[in-house]
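Here's a quick briefing to read alongside the model.

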Amino acid sequence: MGRVDGKKVLITGGAQGLGACFGRMLADEGARVALSDVNFEGAEATADEINKKHPGAALAIKHDVTSKKDWEEALDAAAEHLGGISVLINNAGIGTWGNIETETYENWRRTQEIDVDSIFIGTQLAMPYLKESQPASIINISSVAGMVADGMMLSYNAAKSAVWMMSKSIALHCAKSGYDIRSNSVHPVFTRTPIVDPLIQLGGGGAEGEKKLVRQIPLGRLGEPEDVGYCVLYLASDESRFITAAEFKIDGGITAQ
Ligand SMILES: NC(=O)c1ccc[n+]([C@@H]2O[C@H](COP(=O)([O-])OP(=O)(O)OC[C@H]3O[C@@H](n4cnc5c(N)ncnc54)[C@H](O)[C@@H]3O)[C@@H](O)[C@H]2O)c1
């Protein structure tokens, strides 16, 4: 028995990094997964790798999360292949680096579109599918940057904070409507994926750049994708059936300081 046997999961941003790791871990525990990404080749490579281990468990979908039309097609393709959608993981995201004096409006808009607007558009369109496949779970990947600010993360702080509160609002609506659809947010600290490479570069690159990031984390290391994956696995499974409108910090203790 897998922990998520029979779960039908759509993961956005599934080509690499955290999304690809969630796909692998969920498939290892019995789920079928649709990996969507604007980088279709990447999503396909990850799906192929999963299918080698678990034949037929994974599907790759080309999907720009800022496009309503792409969302409609992705949800349709995922539901057709998986036989419905019971778990939606809003994971696709970007970060930009800039303060109130240097950040461009273009970067601000792009961050809000990819990190926040996409969750509004996609989750709204996914609701009929989730209602059909209850018990269901919405997992939104926010960040510790949605809870604590950095002068250079203006757009990202605003976006990830919005994701945190949207998750609760969605959770309350579902609960009050009597739907068995839970909604929670996950808040990783610096985790070893391509998205942290620019931050390591800013700190001087290589081991020195990584050390500067690690110095801030009480547990003394970067997060690994699996550290976040175990939380996502729990939230996708029925083990978390009484958990909704909650936030999960996967942060090595950084936000306690
Ligand atoms: N790695 C970290 O340190 C960290 C920390 C906190 C939060 N997060 C969040 O975790 C999520 C995953 O990040 P990651 O670390 O795996 O980064 P990543 O850059 O490795 O992966 C992000 C994925 O999202 C995809 N993507 C970007 N724009 C898209 C779009 N418009 N439509 C569809 N897909 C798109 C990319 O192609 C990529 O595959 C993001 O929301 C990120 O903000 C990451």
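Sorted by class, the shell around the ligand holds 14 nonpolar, 10 polar and 3 charged residues. For that sorting, Ala, Val, Leu, Ile, Met, Phe, Trp, Tyr, Cys and Pro are nonpolar, Asp, Glu, Lys and Arg are charged, and the others, Gly among them, are polar. Keep in mind that this is a predicted model, where local features need pLDDT of at least 70, side-chain atom pairs count only at pLDDT 80 or more, and totals for chains, interfaces and linings use all residues. Residues are numbered from 1 along each chain as its sequence is written, and side-chain values use heavy atoms, with hydrogens and water left out.

**Ligand site**

- There are 27 residues around the ligand, and Leu 18, Asp 37, Tyr 156, Thr 191 and Thr 193 come nearest; a residue is near if one of its heavy atoms lies within 4 Å.
- Helices H1 (17–28) and H5 (154–176) each put at least two residues into this shell; helices (H or I, at least four residues) and strands (E, at least two) are DSSP runs, numbered from the N terminus.
- A ligand nitrogen is 3.5 Å from a polar backbone atom of His 63.
- The protein covers 92% of the 830 Å² of accessible area that the ligand has on its own, going by Shrake-Rupley with a 1.4 Å probe.

**Second largest pocket**

- This pocket holds about 150 Å³ of space, a volume filled by probe spheres set on grid points joined across faces, edges and corners.
- A pocket here is an open set of points on a 1 Å grid over the protein atoms alone, where a 1.4 Å probe fits, with protein on both sides within 12 Å along at least five of seven lines; lining residues have an atom within 4 Å of a point.
- H4 (105–132) and H5 each supply at least two lining residues, and the largest share, 5 residues, comes from H4.
- The lining includes Phe 120, Met 127, Met 166 and His 173, and splits into 6 nonpolar, 3 polar and no charged residues.

- Most residues other than glycine have a negative phi, and most peptide bonds are trans.
- The Gln 134 to Pro 135 peptide bond is cis, with omega near 0°, and Pro 135 sits in the loop between H4 and strand E5 (136–141).
- Ala 245 isn't a glycine, yet has a positive phi of about 60°; look for Ala 245 in the loop between H8 (225–236) and E7 (247–250).

Definitions and conventions
Polar contact = N/O pair within 3.5 Å; in protein donor to acceptor, adjacent residues only side chain to side chain.
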